[in-house]
Amino acid sequence: MERVNANWRRTLLRSSSVILLAVAWEWGARMHFVSDFLLPSLSSVLTRLFEDIVSGDILVGLGLTMLRTLAGFTIAAAAGIVIGITIARIRVIRWFFDPVVSVGNPLPKIAFLPIFILWFGVFDWSKIAMVAFSSVFPVVVATWAATESVDKYLLWSAESLGVSKRQLLWQIVLPAAMPQVFTGLQIALPISLIVVIICEMTMGGQGLGGSMMTSMRFADSPGVFSGIVAIAIVGSLVVKAMELIRKRLLVWHEENAH
Amino acid sequence: MTNNVVVRYIPLLLLAILWEIAPRIHFVDPSELPPLSAVLKAWWSLLLDGEGHTFLAVFFKGSLWSNGVSSFINWFFGLGGAIVIGVFLGVFMARYQTFDDVVSPLVKALYPMPKSALIPVMILWLGLGAGSKIASIGLSCLLPVILSTYNGSRGVEQTLIWSARSLGATDRELLWEVILPSALPEILAGIRNAVAISFIVLVASELLVGQHGLGYLISFLGEGGVYDAMFAVVVTVSALGFAADRAYLYFMRRTLIWRE
């Protein structure tokens with residue numbers, strides 16, 4: 001009985017900060033400690049979010065943002081995995097890409113945004129290209145490290161059993177490298193989201209980032225706050241989804257043993 | 001050794017030559033990709049053009065310097081504040097169970113939020129000046145620092161703490177001589193993430209609004225169609241980001257040298 005009580009207290013304590021924050025937000029805004037403009041009440045922000053969902057505005061924006069994110073991320077993932085594997089296995093490719101990756105990986109890629117606008121225009125392609133460019137490096141680095149560290153005995157036994165190069169790649173190297181590659185993808189996807197939102201903010205137009213910026217310019221603070229709530233929810237859903245996919249995909253791996 | 005380094009960086013040299021030649025022979029449009037030499041020339045004139053507006057302009061005339069100084073101030077205070085507060089909160093969370101129970105759900109809920117979404121709210125609260133940029137950078141870098149400090153300090157071997165206690169260490173000694181040193185590798189790794197994030201948010205917030213900073217200079221030159229100068233600033237920002245990461249890596253290795 002005491003144990004149950006302790007657990008309850010723990011749960012209450014653990015949710016208290018979120019509840020407290022929500023209450024303080026609502027109460028502080030209602031008491032007008034700060035102006036409505038600086039901090040619209042939580043209820044008005046949630047009402048706004050609900051209205052935007054019902055009217056479909058936010059769904060259009062959400063759809064466009066996710067479309068750009070996923071398009072760029074998919075390009076980055078495909079290119080990154082191919083480059084990573086070929087770097088690890090082909091010498092010329094390694095010679096060329098090794099300095100390019102070691103210089104390119106730590107660069108603040110976002111500074112290239114105006115160049116991408118110049119090259120690809122202000123619509124979807126520049127955003128997608130920017131996302132792909134920003135998130136390809138973590139995938140390359142993870143895939144490269146993963147392919148290098150595949151157990152040599154696995155490769156040797158497979159070769160001694162006479163598998164072809166293609167079989168070696170698809171049946172030994174890729175599955176063995178999978179956990180680490182997926183970790184790279186899990187790093188790359190949040191980067192994609194951050195970048196797509198910055199792109200939408202700078203270029204304006206539709207999408208979650210763009211509409212947040214529009215609300216800001218029109219001094220529509222409930223719009224800004226409902227935007228940030230929507231983006232925060234999308235961010236955590238995306239991270240959760242990647243974790244679920246990882247469990248599904250790597251169900252055979254010992255990390256999911258228990 | 002030197003020979004090795006040269007061979008290793010030949011691909012970058014090839015890319016630089018390609019950058020010079022491709023626009024010159026009109027393989028690509030020179031207005032979309034100015035040749036490397038034109039970019040370097042523009043870079044040089046940005047160093048000397050005398051449009052400086054900070055107190056340092058007396059010594060360093062040139063918009064690259066003055067905007068660089070404003071960017072540096074935003075970056076330094078944003079990242080520095082995040083490191084100090086983040087390490088403090090992380091240790092505190094790891095040491096006090098009740099505080100941890102209250103705060104960590106909030107930290108974990110906010111951690112996956114795309115950090116760039118904070119920028120408009122900070123502009124709303126703090127205006128278009130340096131304050132909103134420092135706050136955006138600080139808040140974006142705070143969570144990685146808190147989480148890595150928290151994980152690092154929780155991972156300290158309990159036997160180390162017990163032995164220090166039995167030798168009569170005070171709380172303060174325990175913190176400075178046992179907990180922080182053994183959590184240091186994770187804290188430093190978290191700060192490296194924060195350094196990368198700080199550059200992204202710095203450039204993004206300056207691109208979006210404001211009148212100062214390297215990000216502002218990039219968008220200003222881009223909107224004016226002065227593309228060789230715009231490329232020069234982009235290259236400068238990239239080089240600074242790269243140098244910051246390398247310098248930090250060097251510092252990290254030096255600091256952790258006692259761990260074998």
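This is a predicted model: local features need pLDDT of at least 70, side-chain atom pairs count only at pLDDT 80 or more; totals for chains, interfaces and linings use all residues.
**View 1. Crossing of helices H3(A) and H8(A) in chain A.** Helix H3 of chain A spans residues 57–89, and helix H8 of chain A spans residues 165–203. Their axes come within 9 Å and cross at roughly 140 degrees; H3(A) and H8(A) are therefore oblique to each other. The crossing of these two helices is right-handed. H3(A) contributes Thr65(A), Arg68(A), Thr69(A), Gly72(A), Phe73(A), Ala76(A), Ala77(A) and Ile81(A), which meet Val181(A), Leu185(A), Ala188(A), Leu189(A), Ser192(A), Leu193(A), Val196(A) and Glu200(A) in H8(A). By residue class, this contact of H3(A) with H8(A) comprises 10 nonpolar, four polar and two charged residues.

**View 2. Contact between chain A and chain B.** Chain A provides 44 residues to the contact and chain B provides 43 residues. On the side of chain A that touches chain B, at least two residues each come from helix H1 (2–30), helix H4 (91–104), helix H5 (113–120), H8, helix H9 (208–217) and helix H10 (221–249) of chain A. The residues on this side of chain A divide into 34 nonpolar, seven polar and three charged.

View 3. Ala135(B) counts as buried because it has 22 C-beta neighbours inside 10 Å, the threshold for a buried residue being 20 or more. Not counting residues up to four places away in sequence, Ala135(B) touches Met122(B) and Leu126(B). Val237(B) is 102 residues apart from Ala135(B) along the chain, and the C-alpha atoms of these two residues are separated by 20 Å.

Conventions: Residues are numbered from 1 along each chain as its sequence is written. Chains are lettered from A and ligands numbered from 1 in the order in which they are written. Axes are lines fitted to C-alpha atoms, for helices over the stretch in contact, and angles run from 0 to 180 degrees between N-to-C directions. Helices (H or I, at least four residues) and strands (E, at least two) are DSSP runs, numbered from the N terminus. Angles under 35 degrees count as roughly parallel, over 145 as roughly antiparallel, 65 to 115 as roughly perpendicular and the rest as oblique. A crossing is left-handed if the near helix is turned anticlockwise from the far one by less than a right angle, and right-handed if clockwise. Two residues are in contact if their C-beta atoms, placed from the backbone, lie within 7 Å. Ala, Val, Leu, Ile, Met, Phe, Trp, Tyr, Cys and Pro count as nonpolar, Asp, Glu, Lys and Arg as charged, and the others, Gly among them, as polar. A residue is buried if 20 or more other C-beta atoms lie within 10 Å of its own, exposed if 12 or fewer, and partly exposed in between; C-beta atoms are placed from the backbone.
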